[in-house]
Amino acid sequence: MTSKPFSPDLLARCISCGFCLPACPTYALTKKEESSPRGRITLMRAVQDGQLHINETIAESSFCLGCRACEPVCPAGVEYGTLLEEWREAAWVGRKRPLIAKALLFAVSKQWRVRLLGILSRHGRQAPTEVNLMLGCFERALYPKMAATVAKLAPTISTPPKQGCCGALHAHNGELALGEEMAKQLGKQLPGTIVTTAGGCAAHLAGVLGRDRVREFSQWYLEQASGEFQINGRRARVTYQDSCHLRNGLGVANEPRMLIAKVADFVELPGASSCCGAAGSYSLLQRNRSREILDQKIKQIEALDVDFVATTNPGCTRQLANGLKKRKSKVAVIHVAELLARSR
Amino acid sequence: MSLIEEVKQRFTDQADDSLATLAAYSRDATPEFAGRPDIVVSARSTEDVVAAVILARKYGAPLIARGGGSNLCAATVPISGGIVLTLNEMNAIKEISTSELLAVVEPGVTTVQLDSAVAEKGLLFPPDPGSRTVSTIGGNIATNAGGLRGLKYGVTRNYVLGLEVVLGTGEVIRTGSRLVKDVAGYDLTRLITGSEGTLGVITEATVALRPRPATSAYGVAYFDSLSQCSHAVEAIVSAGILPATLEFLDNVCIRSVEEYAHLGLDLSAGALLLFGDDGDEYSTKTNVDLMAQLCRNSIGCRGVTLASNVAEAEALLEARRCSLPSLARLGTLSILEDIAVPRPMLAEAVRRIQGIAAAESVVIGTFGHAGDGNLHPTIVVNADDASAVAAAHRALEQLFGIALELKGTITGEHGVGSAKLPFLEARLGSEQISLLSRIKQAFDPDGILNPGRLGS
């Protein structure tokens, strides 16, 4: 075990005021201090000072969603997301990394494997230009039509086939240095502005490459949106679930809402800023916890009487679709880009 | 059987002694204080609390009741181990009575949860400590928490009608009632309010409410110096206005808050006064306009602006509540103090605090509730600079000295806890200290409830 896993400056920033507690989905679930951002930082400090062995903290490091909802509400400016990455890097060494996480990281750590995940469609066979679309690794496999959807909306955007994984998954699962290196590689493969339909990737890429290089799709497309999104011959009612990292990491929360409101009747979802439980690999690593959080979310969505819930990240799309299907809901999930492509 | 074994047997999944849990509960929001509990128990009912107290008594183990853990005086740090009893799961709002203007709640309800619930019925729970999103009603009562509306509305003690309390003997008593007037017996409700968990564990509270004011309005005035700002405060109160809000920030605070909240504050001003009132539209406007005028006429006033809408006013208040964490950006150790002085002494107190900062070469950011004479000088240094930390502690002692010399107090609203206990006798005198310990003896003969604090 490394003796000092955490950057002292980042750790010192927290004054334990507890303002983060009401924003934390896992604290809401357990009401236990160690499941709150403040409590987790207390654990990190105990590890840093040698008072607690890091192995004692593995369970909590895994239980955290990594949604970073604690960051915007922190007046002291604690960079919790970075601390969490450092924590997992130190705690999830070798055998202690959850098996599923290992499998996920294996799948995306080589470019050819990423390409196997989803053979990019013909829209994805273009040379890089000034504005390039970057697709999330699992997005390619789960939602293979995304490239075509974006190409239809914005013909000027290019989707080069030669793009690896951005490394967000690695950084969030205890491979900090590798995650950063992968983002840098991707930055070279996709010169100019990188537009992405995966909010989680956007935040990680922007963190490494700088905010000026990265645009989440709704942010980039806002001005151009037009038409009306209809269902059964009427204007559709649509709500929106925030992508945590897009909101808390990149600060993009208004754009998707404004975009939806342009083409449909927008209904705010109470608690939209709170995680749906997908949280990257979390829905696979912590199935039961993830479901508990999802159940509450689905109830809130169902109470709204909407036709669709829109998302900006493939992980959220998959999670919400599973939850709504299980409850046989009439509400459907739709990515913001898809919603625009279907507007006339 | 040992304490741990017996607690686990009684509480099963409500008890936890894993090393991570014990570490997480080893501190609260107070810097420089830590202590590891032996076990953490989450109470779900009054019966649970009684059982925990009886077990603690049987083994002579300390029992520390804990709510949001946002107190700033180390009142909930388990300095001598024992059971940390959390009350966060007891968070039901049992009743809101609009005809009696009261609510009956369990101790783990947060301040914001209660105020939002009563707001739906057109009512207000006035005490609003800066940590209101985290702080629980049980904790507010145990520390007699104040807030930003103290001048007009008073503090927590003014809103506690009755309590259900588990004593150190395991007996359950109900103090007070649902009545505004009730003088049957000693006022134990007031005694337990502010007793920091040393006399009993609060398991239910009946709190008074007020009609929610129809409107509110706020403004900001800038001054060349904090003392000039203090004179404006005196002018306002002397003019017969009792506003809901009179908060001030010095230049150090203005700059830190601006860095977090980006409100476009005047960074070159020596002090900022946030003033506001609530009530019906006419009197609110009249009072706020008059306060603006009094500020403008005050010496050293650089300008006054009125908030044009609710969102703008909310942002100002929120920024004020975030003063402390914002200040923390300036260093790795921030020690927040909480002295209070009679209002006419405010300018003098501010002058002397600045003197200390200069003499000890430490950064002291001062903000506070100007209307209440309650100041929060916050000393910010780097934790790994030993000489700076020593200077901070010297400054701290001098702050308490100032408060007492000016006929004020060592803590206005945060509590004594472990942090201010060494200075309590200077404030109360030895006779009163010994009376405190005799009172403690009556409530908690074995001294198991939060030992080492107040009456010990």
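Reply: Cys24(A) is buried, with a relative accessible area of 8%, where buried means under 20% relative accessible area, exposed over 50% and partly exposed in between, computed with a 1.4 Å probe on the protein chains only. This is a predicted model, in which local features need a pLDDT of at least 70 and side-chain atom pairs count only at pLDDT 80 or more, while totals for chains, interfaces and linings use all residues. Residues are numbered from 1 along each chain as its sequence is written, chains are lettered from A and ligands numbered from 1 in the order in which they are written, and side-chain values use heavy atoms, leaving out hydrogens and water.

A disulfide is a covalent bond between the sulfur atoms of two cysteines, and here a pair of cysteine sulfur atoms must lie within 2.5 Å to be counted as one. By this rule there are zero disulfides over all chains. Cys24(A) accordingly belongs to none, and the nearest cysteine sulfur, that of Cys67(A), is 6.5 Å away. Cys276(A) is also buried, at a relative accessible area of 3%, and its sulfur is 4.7 Å from the closest cysteine sulfur, in Cys316(A), which is too far for a bond.

Chain A averages 86, with 91% of its residues scoring at least 70, and chain B has a mean of 95, with 100% of its residues at 70 or more. The helices named below (DSSP runs of H or I, at least four residues) and strands (runs of E, at least two) are numbered from the N terminus. Where pLDDT is low, the predicted coordinates should not be read in detail.

In chain B, the axes of helix H8 (residues 226-238) and helix H13 (residues 346-360) come within 8 Å and cross at roughly 165°. The contact is made by residues including Leu226(B), Ser230(B) and His231(B) of H8(B), together with Leu346(B), Val350(B) and Gln354(B) among those of H13(B).

Three loop residues of chain B complete this account. Lys121(B) lies between helix H4 (111-119) and strand E7 (123-124) and is partly exposed, at 46% relative accessibility. Leaving aside residues up to four places away in sequence, Lys121(B) touches Ile96(B) and Thr98(B). Leu101(B) sits in the loop between strand E5 (93-97) and strand E6 (102-105); although not a glycine, Leu101(B) has a positive phi of about 55°, and at 29% relative accessibility it counts as partly exposed. Lys407(B), in the loop between helix H14 (386-405) and helix H15 (424-428), has a phi near 60°, a positive value in a residue other than glycine, and at 71% relative accessibility Lys407(B) counts as exposed.

Conventions. pLDDT = per-residue confidence, 0-100. Axes fitted to C-alpha atoms, helices over the stretch in contact; angles between N-to-C directions. Contact = heavy atoms within 4.5 Å.
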